[in-house]
2 protein chains.
Amino acid sequence: MESERTFKLTLAYDGSAFKGWQRLPGKARTVQGTVEAALARIVAHEVEIAGSGRTDSGVHADGQVASVRLRTSLAPERLRLRLNAELSDDAVCLAFEEADPRFHARYHAIGKTYRYLVRDAPLRDPFTARYAHHVPARLDLDAMRAAGEVLVGKHDFSSFTNLKPGEKSFERELRSVAVDRSGDIVGIVFTADGFLYNQARIMAGALIEAGLGRLSPGRLREILDARDRSLAPGAAPAHGLRLESVRYG
Amino acid sequence: MESERTFKLTLAYDGSAFKGWQRLPGKARTVQGTVEAALARIVAHEVEIAGSGRTDSGVHADGQVASVRLRTSLAPERLRLRLNAELSDDAVCLAFEEADPRFHARYHAIGKTYRYLVRDAPLRDPFTARYAHHVPARLDLDAMRAAGEVLVGKHDFSSFTNLKPGEKSFERELRSVAVDRSGDIVGIVFTADGFLYNQARIMAGALIEAGLGRLSPGRLREILDARDRSLAPGAAPAHGLRLESVRYG
């Protein structure tokens, strides 16, 4: 009998055709369910993977991380090739590494970076429509950066989450917010020790409002201090968001 | 009764979810059928548009041109906004201009530019998979340019087309072939007075073979001179191809 080994997987996926990360009962296509089924075909036993966190339906990933225990004698690089042969074009395993037996992708994550893409041009573009939220007016990047500065730091982010029952603490440390432009695509990059449910999308929505001149830094600070979800702007759409990377100690 | 006016439309579309340009009977979603139906809803009469040419199923366009006659008093800019409101995210009307009453997008085209995208990196990428053909080995751009030079000029391109009955002449003037790189994406740009059926994809297939070191300029010249389709490499996949622009006098 082969001994059990622990692996760390780094995955990229286009979230458009997935119903989010988390395995669901029935036929819904999810990233977790798809990767688990693919690995099970390779190692011929039931497989459960643990993601660093769930991505919502439609959210993409450049560097989602998952941990998994497998009974196999295959080398990690061989496992990576086999897994990629099982996956379809919209998901790829970038790295498959042997890890400490106790490694857990969620419990051991110490930081995450999300990137939100906005296309700010008059006309929509069919080729970026799946990956960037379109706003038909030009964004003011300096105003977005000023709004980002309000949010950076250790705060109670109650105003920037859609409550999930059982959440123990609403405090997170937002380490940085960066805003960049490449042509018509504006990127908003959030790095934090962790994110509350929908937090990245709600913060992106607030920065977009700021960039459109409809939300001042002062008003944003009031919203943050109020700890009241009903005050913050709506979450920006899922398809503009991507989990860029997960940090471990 | 409103008088009939002629318009020139410039369209961009992601070809992934279209069964090509040409209207088909039944429920198949095509670009021509979709745009005609959208315009018919706006002007309230049957509409027939003429494209500069057909794009195959899966082929994209950055600047397809079509002509159409409409009975309407609406201004072109208003028609463009109305058309874009009718179309879904994977197609957009970039320009809607009033044209000479005799303008015809196919008969009056004097040149076309196609771009073929290849991603030459070991791993596939979910975010470019719909728009760039993936080859897992690095391409030699100088070898591709040398192959391109063989093809440039006025030639009988019988070796580079899949025959369609009724084609009168196989002579076309390939005005230029350019090869560029942006990161892992290699672009092959063909400009000609016109293209035979599948010609751009078969030429792209030949240049990719050249870039992989499997087809020499000398052998390519033999294939061109032989006027025999069975000798040329297979057509590169449709999803890497995009109609970049159409030129008029």
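1. Across the interface of chain B and chain A, the rule finds zero salt bridges (a salt bridge being a side-chain nitrogen of Lys or Arg within 4 Å of a carboxyl oxygen of Asp or Glu). By class, the side of chain B that touches chain A has 13 nonpolar, three polar and eight charged residues, where Ala, Val, Leu, Ile, Met, Phe, Trp, Tyr, Cys and Pro count as nonpolar, Asp, Glu, Lys and Arg as charged, and the others, Gly among them, as polar.

2. A word on the basis of these values: this is a predicted model, in which local features need pLDDT of at least 70 and side-chain atom pairs count only at pLDDT 80 or more, while totals for chains, interfaces and linings use all residues. Residues are numbered from 1 along each chain as its sequence is written, chains are lettered from A in the order in which they are written, and side-chain values use heavy atoms, with hydrogens and water left out.

3. In contact terms (heavy atoms within 4.5 Å), 24 residues of chain B meet 24 residues of chain A. Of the area that chain B buries against chain A, Arg124(B), Pro126(B) and Phe127(B) supply 42%, more than any other three residues; buried area is the accessible area (1.4 Å probe) that two parts lose on being put together, summed over both. Between the two chains this area is about 1800 Å², and carbon and sulfur atoms give 60% of that.

4. The C-alpha atoms of chain A fill a box of roughly 65 × 40 × 30 Å, taken along the principal axes.
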